[in-house]
Amino acid sequence: MIKLRRVVGTGPDQQTQICYVRRESVAVIEEHDGGAWVVMTDKSVIRTDMTVDEVVATLKAVGY
């Protein structure tokens, strides 16, 4: 499992939550507006406040 900082909401109501995903479920990592969007194998998207490099480092840390 990898730990991501997920962004929920927009504007002043925006919040950051911690979520855990299986590394095998990550399909694509894209950069949007300075943050990484993680596209999952089920086509869902997790918007993060992390950079692409941070997400890649997190994946490498768990041996992916």
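Methionine 1 counts as exposed, at 60% relative accessibility (exposed means over 50% relative accessible area, buried under 20%, partly exposed in between, with a 1.4 Å probe and protein chains only). Methionine 1 sits in the segment before β1. Keep in mind that this is a predicted model, where local features need pLDDT of at least 70, side-chain atom pairs count only at pLDDT 80 or more, and totals for chains, interfaces and linings use all residues. Residues are numbered from 1 along each chain as its sequence is written, and side-chain values use heavy atoms, with hydrogens and water left out.

**Surface patch**

- Met1 teams up with Ile18 and Tyr20 in a nonpolar patch on the surface, and together they have about 360 Å² of accessible area (Shrake-Rupley method, 1.4 Å probe; for residues, only the protein chains shown count as cover).
- Patches are built from residues with over 30% relative accessible area and no salt bridge, joining like charges within 9 Å and nonpolar side chains (Val, Leu, Ile, Met, Phe, Trp, Tyr) within 5 Å.

- Strand β2 covers residues 15–21 and runs antiparallel to β1, with seven bridges joining the two (strands pair if DSSP finds at least two bridges between them).
- Helices (H or I, at least four residues) and strands (E, at least two) are DSSP runs, numbered from the N terminus.
- Across from tyrosine 20 in β2 you'll find lysine 3.
- Six residues lie between β1 and β2 in the hairpin, and glycine 9 in the turn has a positive phi of about 90°.

**Salt bridges**

- There are three salt bridges in the structure (a side-chain nitrogen of Lys or Arg within 4 Å of a carboxyl oxygen of Asp or Glu).
- Arginine 5 meets aspartate 49 at 2.9 Å, N to O. Arginine 5 is in strand β1 (residues 2–8) and aspartate 49 is in the loop between β5 (45–47) and α1 (52–61), so this pair ties together parts that are 44 residues apart in sequence.
- Arginine 5 also bridges to glutamate 54, at 3.7 Å, N to O. That pair links distant parts of the chain, strand β1 and helix α1, 49 residues apart.
- How exposed are the network's members? Arginine 5 is partly exposed at 31%, aspartate 49 is partly exposed at 36%, and glutamate 54 is partly exposed at 33%.
- Arginine 23 and glutamate 24 make another salt bridge, at 3.3 Å, N to O. Arginine 23 is partly exposed, with a relative accessible area of 25%.
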